[in-house]
Amino acid sequence: GIFLTDGIGRDATLKIGGVVAMVTIAFTLLSLLMTLHWQNELRFIMICASLSMWGAFQGIWKGALESIYADSLHEDQKSKYLVYKFVITLLSSTAGPLTGI
């Protein structure tokens, strides 16, 4: 992601990430909704592939978006807002496991 951002710029990287996201969403929906026509083993492989595609999507857009976010903050406020963002991300990632308890 970062190498792509350095090579072609943030805007183009985010556009590529958007296209990858759309393809990933379509592939995920296809693998989840087409259960009647597919064997279970093939469906499992497709779900695993879609999870890999979600990881690729995050790898593409994360670097560009983080650099835009960091550049939009003033130097004296940057650490405060980066900590806020980290805490919100941490809290949101615990929401799933907490609901399962």
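The chain carries 7 positive and 7 negative side chains, and the centres of the two sets lie 5 Å apart. The model is predicted: local features need pLDDT of at least 70, side-chain atom pairs count only at pLDDT 80 or more, and totals for chains, interfaces and linings use all residues. Residues are numbered from 1 along each chain as its sequence is written, and side-chain values use heavy atoms, without hydrogens or water.

The secondary structure consists of four helices and zero strands. Helices (H or I, at least four residues) and strands (E, at least two) are DSSP runs, numbered from the N terminus. Along the sequence the pattern reads α-α-α-α. The chain is more spread out than a compact globule, because its radius of gyration is 18 Å, well over the 13 Å that the globule rule gives for 101 residues. The radius is taken over C-alpha atoms, and the rule is 2.2 Å times the number of residues to the power 0.38. Along the principal axes, the C-alpha atoms fill a box of roughly 55 × 40 × 15 Å.

Of the 101 residues, 17% are buried. Buried means under 20% relative accessible area, exposed over 50%, and partly exposed in between (1.4 Å probe, protein chains only). The chain exposes about 7,400 Å², with 71% supplied by carbon and sulfur atoms. These areas come from the Shrake-Rupley method with a 1.4 Å probe; for residues, only the protein chains shown count as cover. Among contacts (heavy atoms within 4.5 Å) between residues at least 6 apart in sequence, 52% join residues at least 24 apart.

Thr28 lies in helix H2 (residues 10-33). Its relative accessibility is 15%, so Thr28 counts as buried. Beyond residues up to four places away in sequence, Thr28 touches Ser50 and Trp54. The side chains of Thr28 and Trp54 are joined by a polar contact of 3.1 Å. Such a contact is a pair of N or O atoms within 3.5 Å; within protein, one must be able to donate a hydrogen and the other to accept it, and residues adjacent in sequence count only if both atoms are side-chain atoms.

Ser50 belongs to helix H3 (residues 40-71). Ser50 is buried, at 2% relative accessibility. With residues up to four places away in sequence excluded, Ser50 touches Thr24, Phe27, Thr28 and Ser31.

Lys15 is also found in helix H2. Lys15 is exposed, at 61% relative accessible area.

Definitions and conventions: Lys and Arg count as positive and Asp and Glu as negative; His and the chain ends are not counted. The place of a charge is taken as NZ of Lys, CZ of Arg, CG of Asp or CD of Glu.
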